[in-house]
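Open the structure in your viewer and keep the selection tool at hand. Each stop below says what to select and what is there.

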Amino acid sequence: MVPLSHYLILSAALFAIGMFGALARRNAIGILMALELMFNAVNLNFVAFSRYLPQTMLQGQIFAIFVITVAAAEAAVGLAIVLGLYRNFKTVNVDEINLMKG
Amino acid sequence: MTVTQAVFFLLAAFTLGAALLVVLATNIVHCAIALVFTFFGVAALYVLLDAEFLAAVQVLLYVGGITILLLFAIMLTSRISARGVKIMNEQAGISALVAFAIFALMVFANLKGFVLAAAPLPASYATASLGKLLLTTYVLPFEVVSILLLAAMVGAIILAKREREKD
């Protein structure tokens, strides 16, 4: 059988990749994609814990469902914001959108 | 090495490779396609973890919904075949350092904390009890999340709507 720590390390790697993308990409849509990677890593952790640790009420899977729902809401609002940015600034590169930088 | 382990390592390599492609690919459309493969890999890992319902939700919502939304946003904003454009900002090096440090820290904590819980519990057929729990114990968060979805939907429509010309 696959031990729990394998899943945790895989999820940590996925999270680190997503974090690098969120910090380093210029394109705002690329940043949102990296955020989705991080959400997936967290969900993988929840599901793995819910499979391996003793529990009474499937907390891990339930929480993963709620994370997926909130992630969907986040993606919809985030992409609407990106569209608004593009309309106002004619770019989606976050390092060119520096209106509030003194 | 058992079959399960082989499948796990195959899926892990597939998922991580696709995830790297999401972060590093130059063309943003390629990133979106690679993201689809990452989602499929994670869905397969859910099946491996006996979470069939979550695997189905993952495919329906992420592969079917969010990716389409992302592709729409890409086509509505950027010039797709922009070549020679920098995809990373100037913090790329230090970001890689920070991400790797976080990864090392998490691996360290995992190996230190969860060696004992190595063997999985006996498999349970969870989908039916998942549905029951969502409508009994967890019914309040369930309803709250539906309100959140409504708010997000209205908010997205308001934000994405073209502003009316001011006369």
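Begin with the largest nonpolar core, which has 68 residues; select Ile29(A) and Met33(A), the two that touch the most other members. This is a predicted model. Next, colour the elements that give two or more residues to this core: helices H1 (4-24), H2 (28-52) and H3 (59-89) of chain A, along with H1, H2, H3 and H6 of chain B. H2(A) gives the most, with 14 residues.

Stay on Met33(A). Which residues does Met33(A) touch, leaving out those up to four places away in sequence? They are Gly21(A) in its own chain, and Val22(B), Cys31(B), Ala32(B), Leu35(B) and Leu70(B) in chain B.

Now select helix H1 (residues 3-24) and helix H2 (residues 28-48) of chain B. Their axes come within 8 Å and cross at roughly 155 degrees. An angle over 145 degrees counts as roughly antiparallel, so that is how H1(B) and H2(B) run relative to each other. Their crossing is left-handed. Show the side chains where the two helices meet: Phe8(B), Leu11(B) and Phe14(B) are among those in H1(B), and Ala34(B), Phe37(B) and Leu45(B) are among those in H2(B). By class, this contact has 16 nonpolar, three polar and no charged residues.

Finally, show both chains. Here 75 residues of chain B are in contact with 61 residues of chain A. On the side of chain B that touches chain A, select H4(B), which gives the largest share, 12 residues. The residues of that side of chain B divide into 59 nonpolar, 14 polar and two charged.

How values were computed: Residues numbered from 1 in each chain as written. Chains lettered and ligands numbered in written order. Predicted model: local features only at pLDDT ≥ 70, side-chain atom pairs only at ≥ 80, totals over all residues. Axes fitted to C-alpha atoms, helices over the stretch in contact; angles between N-to-C directions. Helix = DSSP H or I, 4+ residues; strand = E, 2+ residues; numbered from the N terminus. Parallel < 35°, antiparallel > 145°, perpendicular 65-115°, else oblique. Left-handed = near helix turned anticlockwise from the far one by under 90°. Contact = placed C-beta atoms within 7 Å. Nonpolar A, V, L, I, M, F, W, Y, C, P; charged D, E, K, R; others polar. Core = buried A, V, L, I, M, F, W, Y, C linked by C-beta atoms within 7 Å. Buried ≥ 20, exposed ≤ 12 C-beta atoms within 10 Å, placed from the backbone.
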